[in-house]
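Biologist: Please take a close look at one part of this model, and describe it in a single connected account for a reader who has not seen it before.

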Amino acid sequence: MNIIVAKDYAGFSEKAAQVVASQLTLKKNSVLGLATGSTPLGVYAKLIQWYKQGKLDFSSVSSVNLDEYVGLPRESDQSYYYYMNENFFKHINIDVSRTNLPNGLAADVEAECKAYDTKIKALGGIDLQLLGIGHTGHIGFNEPCEEFPKGTHRVTLDHKTIEANSRFFASEKDVPKQALTMGIQSIMSAKAVLLMANGEGKAEIMYKALCGPVTPKVPASVLQLHERLYVVGDEAALSVIKEKHPELIG
Ligand code: PGA
């Protein structure tokens, strides 16, 4: 596990973007596993900036997103499809036909989930998976449970997640109750993983995820078993780890 600490959100975004940029330097046609939420917004902004400066080329990149809400049309400004286009894809030279998100409106959810896993395999797997972390310890929308889920599946969101995400909606009751998410096996099969966290609110869960027991009750804890895990956080998000395990922070 490599833990990279930045002073603040700007530094955090730059360092996390550097991990993505390095991946593209090593492999032009990388398959990127992408994440949504507040955490990676600055990372996408930095990547867009470097693209506009001619430093990055996304023309042969493919992408698969972690998750999508069930029941929101793509045009909804709360869908992750909309988020990805608005915050990243439309600003860079990625071929949108090579970008993939689960379809939260699929009539046959099981078939959609299977097709998503088949798509990931057909792409040759994920080279670098970006992850935020939820207050519940979720990665993607894999909420705390009894057994690590394997492939893409439908989940019922934890009330803490609904509460946290209600900041993007008119009210808490507007937050979809379900989502489709890549499973833990799909995430762990990525060749490299970049876990990102910023802000004090993530400090305790980051400590549990990276220093506590590996358990499906803290889904992100499974990342301790990944051979190429890069953790990028700001000082606030890494403060509990620093206090209890300073040797990990360096
Ligand atoms: P956030 O969400 O980046 O909006 O904090 C992270 C997550 O829920 O995975």
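Modeller: The largest cavity holds about 40 Å³ of space. A cavity here is a set of points on a 1 Å grid over the protein atoms alone where a 1.4 Å probe fits but cannot get out; grid points are joined across faces, edges and corners, and a volume is the space filled by probe spheres set on the points. By this rule there is 1 cavity of 30 Å³ or more. The model is a predicted one, in which local features need pLDDT of at least 70 and side-chain atom pairs count only at pLDDT 80 or more, while totals for chains, interfaces and linings use all residues. Residues are numbered from 1 along each chain as its sequence is written, and side-chain values use heavy atoms, with hydrogens and water left out.

The lining of the largest cavity, meaning residues with an atom within 4 Å of a point, consists of Glu68, Leu72, Arg74, Tyr81, Leu101, Pro102, Asn103, Gly104 and Leu105. It comprises 5 nonpolar, 2 polar and 2 charged residues; Ala, Val, Leu, Ile, Met, Phe, Trp, Tyr, Cys and Pro count as nonpolar, Asp, Glu, Lys and Arg as charged, and the others, Gly among them, as polar.

A pocket, by contrast, is an open set with protein on both sides within 12 Å along at least five of seven lines. The largest pocket has a volume of about 620 Å³. It is lined by 36 residues, of which Thr36, Gly37, Ser38, Asn165 and Arg167 are the closest to its centre. Two or more lining residues come from each of β4 (67–69), α3 (80–87) and α5 (159–165); helices (H or I, at least four residues) and strands (E, at least two) are DSSP runs numbered from the N terminus. By class, the pocket lining has 14 nonpolar, 17 polar and 5 charged residues.

Helix α3 also packs against α2: their axes come within 10 Å and cross at roughly 40°. Axes are lines fitted to C-alpha atoms, for helices over the stretch in contact, and angles run from 0 to 180 degrees between N-to-C directions. Leu41, Tyr44 and Ile48 of α2 touch Tyr83, Met84 and Asn87 of α3, contact meaning heavy atoms within 4.5 Å. This contact has 5 nonpolar residues, 1 polar residue and no charged ones.

On α2 (residues 41–52), the axis also comes within 8 Å of that of α1 (residues 9–26), and the two cross at roughly 60°. Among the α2 residues that meet α1 are Leu41, Lys46 and Trp50.
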